[in-house]
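Here are a few notes to read alongside the model, written for someone meeting it for the first time. Keep the viewer open and follow along point by point.

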Amino acid sequence: MSAVAELLSLKDRVFEILSLVSDPEIPCVSVVDLGIVRDVRGQTVVITPTYTGCPATIAIEQDIRTALDRAGLSQVKIETTLSPPWTTDWISDEGRAKLQAYGVAPPLKGAAKHSLHETPAECPRCGSSHTEEISRFGSTPCKALHRCLDCREPFDRFKCH
Amino acid sequence: MADEENLFHHALRLGDDALILGQRLSEWCGHAPMLEVDLALANIGLDLLGQATHFLNLAGEIEGKARDADALAFHRDVLDFRNCLLVEQPNGDFAHTIARQFLFSNWQELLMKEIARAPEPRLSAIGAKAVKEIAYHAKFASEWVVRLGDGTDESRARMIAALDWMWRFVDELFDPKEGAPSLRAEWDARISRTLAEATLEVPKPRRGVLGGRAGHHSEYLGHLLTEMQFLQRAYPGATW
């Protein structure tokens with residue numbers, strides 16, 4: 001195999017391995033679904049934090065390290081980059097579907113620019129958009145608290161960011 | 001060399017502002033008037049601590065003396081801190097906490113927008129990331145200023161008293177030497193807009209108190225540090 005082909009296959013392999021690494025706070029989605037894993041350049045995985053102060057960032061890096069080591073890829077390094085800043089637009093369609101099924105209303109696609117003026121969230125349980133925001137700050141930095149005014153269930157919404 | 005030193009001090013000021021206000025907000029954890037506010041203040045504090053980590057790590061990297069964010073946060077004494085006086089003011093009642101956050105976050109949002117366009121890539125990367133978070137902080141604090149100002153007689157009186165106390169620390173943010181004087185007009189416009197909505201008047205100009213950027217702090221900072229740095233003072237170099 002040529003050197004270029006080898007690097008390509010390493011990239012695929014790394015993405016495959018990391019697509020099985022769950023987010024520590026929202027275990028239904030992987031770090032790849034969330035867009036935390038940005039790229040594989042040569043022998044280095046490039047990751048980016050969601051929020052600067054998210055305590056899960058450290059756990060995520062450790063989980064990625066463990067997964068790479070277990071797959072025999074201990075030579076692959078991890079590099080953290082802040083730029084360009086993470087946005088919820090990087091959450092994959094698959095990730096959005098998983099969040100919805102888990103009970104977390106996914107962020108609107110392409111809505112990151114309008115994060116402070118969001119349209120009503122869709123209740124992940126009954127599908128109604130007759131909902132209200134209870135608090136813009138929730139149990140983790142990435143989520144806000146909402147309530148469905150039809151089925152009356154409270155739920156989390158992934159903030160557009 | 002001079003450029004490097006300026007950049008070090010710039011990053012240190014930004015990091016210290018975020019660190020000290022983050023620590024102050026963490027004091028509310030478990031004590032806020034209601035659960036949603038408790039979560040919000042803790043979340044804002046956490047964002048600020050995250051920003052502080054990035055800015056202080058950068059300062060340490062530029063300095064080149066093997067000091068990282070933890071070393072700068074836990075192994076400096078009060079005279080070496082370069083935060084503005086506003087952020088070290090005690091939480092007081094809820095109105096004081098909101099007044100401090102309102103004045104600071106509106107300033108910090110404008111500042112980070114500018115820093116996001118800075119030519120130094122390590123600095124601009126942190127600014128671009130932080131500005132998205134700070135927009136939430138500014139909105140949260142502004143909404144509470146309106147709620148308290150245009151609320152009951154009691155909440156209104158407390159909001160007025162809190163703004164009156166915090167207002168003396170505003171000039172330092174725009175100090176021509178180490179502040180951001182060019183942001184004053186836009187900041188004033190934002191603040192007046194929200195205060196008008198809150199049916200409050202802009203506090204009367206008063207002689208500003210300065211000194212934080214030179215390490216001349218109020219007595220409150222020392223007390224804050226004794227708590228924040230306790231573990232590293234009692235068990236130097238402890239890790240877990």
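1. Which domains does the domain assignment of chain A give? Before the reply, one caution: this is a predicted model. The assignment gives domain 1, covering 3-86, and domain 2, covering 90-158. If you're colouring things in, those ranges are a handy place to start.

2. How do the two domains sit relative to each other? The C-alpha centres of domain 1 and domain 2 of chain A are 25 Å apart. Across the boundary, 12 residues of domain 1 of chain A make contact with 12 residues of domain 2 of chain A. On the domain 1 side of chain A that touches domain 2, the residues split into seven nonpolar, three polar and two charged.

3. Now for chain A as a whole. The C-alpha trace of chain A spans about 60 × 25 × 25 Å along its principal axes. Of the 161 residues in chain A, 37% are buried. Take the contacts in chain A with a separation of 6 or more: 52% of them come from residues 24 or more positions apart.

4. On to the secondary structure. Chain A has three helices and seven strands. Reading from the N terminus, the elements of chain A go α-β-β-α-β-α-β-β-β-β.

5. There's an open sheet in chain A worth a look, made of three strands in the order 1-2-3, with mixed pairing. Why do strand 1 (37-41) and strand 3 (77-80) of chain A each have one side without a neighbour in the sheet? Both stand at the edges with a single partner strand, so one side of each is left open in that sense. On average, and ignoring direction, neighbouring strands of this sheet are turned by 25° against each other.

6. Zoom in on one pair from that sheet. Strand 1 of chain A and strand 2 (residues 44-47) of chain A pair in the antiparallel sense, over four bridges.

7. Last stop, chain B. Helix 8 (residues 184-197) of chain B has 14 residues and reaches 20 Å from its first C-alpha to its last, close to the 20 Å expected at 1.5 Å a residue. What follows helix 8 of chain B? Look for T199(B), whose phi is positive, near 55°.

Notes
Residues are numbered from 1 along each chain as its sequence is written. Chains are lettered from A and ligands numbered from 1 in the order in which they are written. This is a predicted model: local features need pLDDT of at least 70, side-chain atom pairs count only at pLDDT 80 or more; totals for chains, interfaces and linings use all residues. Helices (H or I, at least four residues) and strands (E, at least two) are DSSP runs, numbered from the N terminus. A residue is buried if 20 or more other C-beta atoms lie within 10 Å of its own, exposed if 12 or fewer, and partly exposed in between; C-beta atoms are placed from the backbone. Two residues are in contact if their C-beta atoms, placed from the backbone, lie within 7 Å. Domain bounds come from an automatic or database domain assignment. Ala, Val, Leu, Ile, Met, Phe, Trp, Tyr, Cys and Pro count as nonpolar, Asp, Glu, Lys and Arg as charged, and the others, Gly among them, as polar. Two strands pair if DSSP finds at least two bridges between them. Axes are lines fitted to C-alpha atoms, for helices over the stretch in contact, and angles run from 0 to 180 degrees between N-to-C directions. The expected span of a helix is 1.5 Å times one less than its number of residues.
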